[in-house]
Amino acid sequence: MNQPTGFTPHEVMELHELIVGEITALQKMQAMMGVVHDCDLKGYIQNCTQTKQQRISAFQNLMDKAQNTTF
């Protein structure tokens, strides 16, 4: 069975929307860090920000592959 090797224009747009959403969520979490005083909640937010950064990096890698796709 042949595997598709590229991205369609629609998939590239969806990927872009995912990246923007993750960046927005990350920025909101980072802004909340200065307001939160509970240690447990602060630790949870830090874990979430690390996860968001990893996801953004993974999405950016996919976007790099998508940019090499010819339509």
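With which residue does glutamate 22 form a salt bridge whose closest N and O atoms are 3.5 Å apart? The partner is arginine 55. Glutamate 22 lies in helix α1 and arginine 55 in helix α2, so this pair ties together parts that are 33 residues apart in sequence. Keep in mind as you look around that this is a predicted model.

Let's meet the two helices. Helix α1 has 24 residues and reaches 35 Å from its first C-alpha to its last, close to the expected 34 Å. Helix α2 covers residues 39–67, which makes 29 residues. From first C-alpha to last, α2 reaches 42 Å, close to the 42 Å expected at 1.5 Å a residue.

In α1, the buried residues are Val12, Leu15, Ile19, Glu22 and Leu26, and what covers them includes α2. In α2, the buried residues are Ile45, Cys48, Thr49, Lys52, Ile56, Phe59, Met63 and Ala66. These buried residues of α2 pack against α1, residues 9–32.

Glutamate 22 counts as buried because its relative accessible area is 9%, under the 20% cut-off. Lysine 52 is also buried, at 17% relative accessibility. Glutamate 22 and lysine 52 form a salt bridge, with their closest N and O atoms 3.3 Å apart. This pair, too, links distant parts of the chain, with glutamate 22 in helix α1 and lysine 52 in helix α2, 30 residues apart. Arginine 55, by contrast, counts as partly exposed, at 39% relative accessibility. The count of salt bridges comes to two, and Glu22, Lys52 and Arg55 are linked in a network.

Next, take a look at the start of α2. Here a side-chain oxygen of aspartate 38 reaches to within 3.3 Å of the backbone nitrogen of aspartate 40.

Finally, what about the cysteines? Cysteine 39 counts as exposed because its relative accessibility is 66%, over the 50% cut-off. Cysteine 48, at 18% relative accessibility, counts as buried. A disulfide is a covalent bond between the sulfur atoms of two cysteines. In this model, the count of disulfides comes to zero.

Note on methods:
Residues numbered from 1 in each chain as written. Predicted model: local features only at pLDDT ≥ 70, side-chain atom pairs only at ≥ 80, totals over all residues. Heavy atoms only, no water. Helix = DSSP H or I, 4+ residues; strand = E, 2+ residues; numbered from the N terminus. Expected span 1.5 Å × (residues − 1). Buried < 20%, exposed > 50% of the residue type's maximum accessible area, 1.4 Å probe, protein only. Contact = heavy atoms within 4.5 Å. Polar contact = N/O pair within 3.5 Å; in protein donor to acceptor, adjacent residues only side chain to side chain. Disulfide = S-S within 2.5 Å. Salt bridge = Lys/Arg side-chain N within 4 Å of Asp/Glu carboxyl O.
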